[in-house]
Amino acid sequence: MKIHFIGIGGIGLSALAKLLANDGHQISGSDIKQTEITNDLALNFGAKITIPHHADAVDGVDRVIYSAAVRPNNPEYQRAKELGVELLSRKEALKSILGDKKVYAVGGAHGKSTTSAMLSSLIPNSNALIGAISKEFGSNVRHAENNKVVFEADESDESFLNSNPYLAIVTNVEPEHMEYYEYNEKRFYNAYRNFLNLAKIRVINAEDKFLASLEIDSVKLYPSKDINDIEFVLVNGEPYTKFNFKDFGAFEVFGFGNHIALDASLAILGALEIGETIEDIRKNLLHYGGIKKRFDIVQNGEYCVVIDDYGHHPTEIKVTMESLQAYKKLRGFNKLNVIWQPHKYSRTLDNLQGFVECFDGVDELVILPIWSAGEIEVDIDLKGAFSRYKLHIADRVARKDGVVQIIKDNNIIQEYREDLITAFGAGDITYQIRGEA
């Protein structure tokens, strides 16, 4: 089948495209700009890529799958309707793509990408569809010649309800993407309840307030009593967490933080439930090498480390800040300087006080323009809200010759040459801090 993807450069849609290409389908796609993801699809999966969107791109295809960001006025969307081509949203397409597969799904407000990547390490003979790049296999997709799939399940548009989970792991539940749920918390929580009810095997963090309230048959993790002796160590300057789990003994996993031990423990319980042995799990957990843009060390020098992190919600940032402080201490650095690109006007407004508080302990804070993600611009007084910090309001950053430059009105207003520098955000800040912008 010839399948075209509108918005193929997105991390979620590109994963589906790669999976279907591996299953023998001919794929094509379009996006607004050329990226590392679109280049990978063209070079390694034979995809014909159209940049930017153009109506002719859908001529001759059998099915069109489009991302949630695509609007009905998109020229390819309109052309597909005109031609009578089957037109499915990513959410709708999941039913046919995952319907005949044995799906090990991981959902949650925070940690689902990490837990999914860890679970894929623990089930090495499985396909994997992850909303991030696993460093273990250098992609958001891994292909295996069977019907087992580790799948990062997305609650943002209720698409996880179409994922046909055999195993469902939920890390935590916190209201997010509430504009989709029309700010109806009952509807939001019911979506998670329904997701868990779809699965034959359920693994949950039983110290999460909502998950603890569910009367549902599940394997329960109690982090405060099941996880012990957490220790942060450096291996060649890289962060690792050691911990004891229940009566299974000691484990070691890439990354820093109590949340890393928690995510690993949920993955361990999931792998045990589907028949992996504890010794294989202990060994395979060492294969997990982290995921791109999650505590991702992009410059590892003796006197200066630069980290790229996807955190774009106060809870995520606060947890990562704790890990950064521990890493700073172990590396012997004096300062932690943070660059933040807020993601979406709605998220920034809804969580403004949480954002103000989550950067506590930073030595200098740089705030970049809000990444709109297609939203209408709203005036937010970030300078006033964050006045407690040593603050720089900037336009962009760059990294050249190991130096991070802070730029305002095309002038360099600050440079960081040493200590620990971390960039937070889900927009294009990742390309700026990597020197790719």
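Is Ile 227 buried or exposed, and what is its relative accessible area? Ile 227 is buried, at a relative accessible area of 8%, where buried stands for under 20% relative accessible area, exposed for over 50%, and partly exposed for in between (1.4 Å probe, protein chains only). The legends below take this residue and several others in turn.

A word on the model before we zoom in: it is predicted, so local features need pLDDT of at least 70 and side-chain atom pairs count only at pLDDT 80 or more, while totals for chains, interfaces and linings use all residues. Residues are numbered from 1 along each chain as its sequence is written, and side-chain values use heavy atoms, with hydrogens and water left out.

**View 1. The whole chain, for orientation.**
The chain holds 15 helices and 24 strands; here helices (H or I, at least four residues) and strands (E, at least two) are DSSP runs, numbered from the N terminus. Its radius of gyration is 22 Å, close to the 22 Å that the globule rule gives for 437 residues, so the chain is as compact as a globular protein of that length. That radius is taken over C-alpha atoms, and the rule is 2.2 Å times the number of residues to the power 0.38. The C-alpha trace spans about 60 × 55 × 40 Å along its principal axes. Of the 437 residues, 56% are buried. Among contacts between residues at least 6 apart in sequence, 63% join residues at least 24 apart, a contact being heavy atoms within 4.5 Å.

**View 2. Ile 227 in strand 13.**
Ile 227 lies in strand 13 (residues 227–235). Not counting residues up to four places away in sequence, Ile 227 touches Tyr 222, Phe 243, Asn 244, Phe 245, Ala 261, Leu 262 and Ser 265. For a sense of scale, Ile 123 is 104 residues away in sequence and 22 Å away in space, C-alpha to C-alpha.

**View 3. Helix 1 beside helix 2.**
The axes of helix 1 (residues 11–22) and helix 2 (residues 36–45) come within 11 Å and cross at roughly 5°. That makes helix 1 roughly parallel to helix 2. Axes are lines fitted to C-alpha atoms, for helices over the stretch in contact, and angles run from 0 to 180 degrees between N-to-C directions; under 35 degrees counts as roughly parallel, over 145 as roughly antiparallel, 65 to 115 as roughly perpendicular and the rest as oblique. From helix 1, Ile 11, Ser 14, Ala 17, Lys 18, Ala 21 and Asn 22 meet Ile 37, Asp 40, Leu 41 and Phe 45 of helix 2. By class, this contact has six nonpolar, two polar and two charged residues. Ala, Val, Leu, Ile, Met, Phe, Trp, Tyr, Cys and Pro count as nonpolar, Asp, Glu, Lys and Arg as charged, and the others, Gly among them, as polar.

**View 4. Ile 317 in helix 11.**
Ile 317 is found in helix 11 (residues 314–331) and is buried, with a relative accessible area of 0%. Its contacts beyond four places in sequence include Trp 340, Phe 355, Cys 358, Phe 359 and Phe 424. Phe 424 is 107 residues away in sequence, yet 7.7 Å away in space, C-alpha to C-alpha.

**View 5. Val 170 in strand 10.**
Val 170 sits in strand 10, buried at a relative accessible area of 0%. Among the residues it touches, beyond four places in sequence, are Gly 107, Gly 108, Tyr 192, Phe 195, Leu 211 and Leu 266.

Most residues other than glycine have a negative phi, and most peptide bonds are trans. A cis peptide bond joins Ile 51 and Pro 52, with omega about -10°, and Pro 52 is in the loop between strand 3 (48–50) and strand 4 (63–66). Tyr 183 has a positive phi of about 55°; this residue is in the loop between strand 10 (165–170) and helix 6 (185–198) and counts as exposed at 52% relative accessibility. Phe 295, with a positive phi of about 45°, is buried at 9% relative accessible area.
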